[in-house]
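Grab a pencil and have a go at a few structure-reading exercises.

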Amino acid sequence: MIERRPAGERGHANHGWLDTHFTFSFADYHDEEHMGFRTLRVINDDTIQPAGGFGTHPHRDMEIITYVLEGALEHKDNMGTGSVITAGDVQHMSAGRGVTHSEFNPSSERPVRLLQIWIRPAERGIEPGYDQKSFPEESKRGRLCLIASPDGRDGSLTIHQDVSLYATVLAGGDRVKYDLRAGRHAWVQVARGEAKVNGVRLQEGDGAAVSDESRLEFEGVETAEVLLFDLA
């Protein structure tokens, strides 16, 4: 079963410096029917204007993944980490027992667009941690590239939950397949472009909850960047 979550039905807020769409309930947007999927709690599609950003704020007991689509994002935290992540980079922060950080667009000219993803951890109160890696487009073109997993296999980021996150870039007509083990579920998110999943057409910003499917077949309709979450 594949249940589409249309982009136009997501929550939305525009604060001037931030234009954001919420796949699941977040901040002032509350929808009892969309509180997350399995351990996946948040997918926010954020566009931050030049010189805008989030001031220092706290998190705890959440696995936070930032996937940059366009532009650059500057990060600072109380663990001593300071970095700038650009398009193609993926950042992972385990908030654990508590962390504070800030996120800003360092450009005076270009907006930054990103997906911020929250996953509930398998264990609360763990040691906070930070990591980031680059996954260039060529590593995702026409194939599923593993970018985060519980064991850090194949060069992926290590997260503290039984979730494997893949990304792919598909040109029109490109096809890739993925086998889901029995009892597993999936969430598919189209970051940009348009693709089909088992014949279901998904446009930019659309998501889809997948259960009771043994194989997923992805096809690019027009050049598309797609995230696949394999979830317990």
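Predicted model: local features only at pLDDT ≥ 70, side-chain atom pairs only at ≥ 80, totals over all residues.

Residues are numbered from 1 along each chain as its sequence is written, and side-chain values use heavy atoms, with hydrogens and water left out.

**Exercise 1. Work out where D230 sits and what its side chain touches.**

Step 1: find the element. D230 belongs to strand β20, residues 215-231 (strands are DSSP runs of E, at least two residues, numbered from the N terminus).

Step 2: check the burial. D230 has a relative accessible area of 3%, so it is buried (buried means under 20%, exposed over 50%, partly exposed in between, with a 1.4 Å probe and protein chains only).

Step 3: look for a polar partner. The side chains of D230 and Y178 make a polar contact at 2.5 Å. That term means a pair of N or O atoms within 3.5 Å; within protein, one must be able to donate a hydrogen and the other to accept it, and residues adjacent in sequence count only if both atoms are side-chain atoms.

Step 4: Skipping neighbours within four places in sequence, the contacts of D230 include D162, R184 and H185 (contact means heavy atoms within 4.5 Å).

**Exercise 2. Describe how strand β15 is covered and which strands it pairs with.**

Step 1: count the burial. In β15 (residues 163-170), eight of its eight residues are buried.

Step 2: find the partners (two strands pair if DSSP finds at least two bridges between them). β15 pairs antiparallel with β13 (residues 145-149) over three bridges, and L146 stands opposite Y166. With β20, β15 pairs antiparallel over eight bridges, where A167 stands opposite L227.

**Exercise 3. Classify the ring pairs W17–F54 and F26–W118.**

Step 1: know the rule. Rings of Phe, Tyr and Trp (its six-membered ring) pair if their centres lie within 6.5 Å; planes under 30 degrees apart count as stacked, over 60 as edge-to-face and the rest as tilted. The whole structure has seven aromatic pairs.

Step 2: the W17 and F54 ring centres are 5.1 Å apart with planes at 85°, so this pair is edge-to-face. W17 is in the loop between β2 (11-14) and β3 (18-22) and F54 is in strand β5, 37 residues apart.

Step 3: W17 is partly exposed at 30%, and F54 is partly exposed at 24%.

Step 4: F26 and W118 have centres 5.3 Å apart and planes at 75°, so they are edge-to-face. These two are 92 residues apart.

Step 5: F26 is partly exposed at 23%, whereas W118 is buried at 15%. F22, F26, Y29 and W118 make up one aromatic cluster.

Conventions. Helix = DSSP H or I, 4+ residues; strand = E, 2+ residues; numbered from the N terminus.
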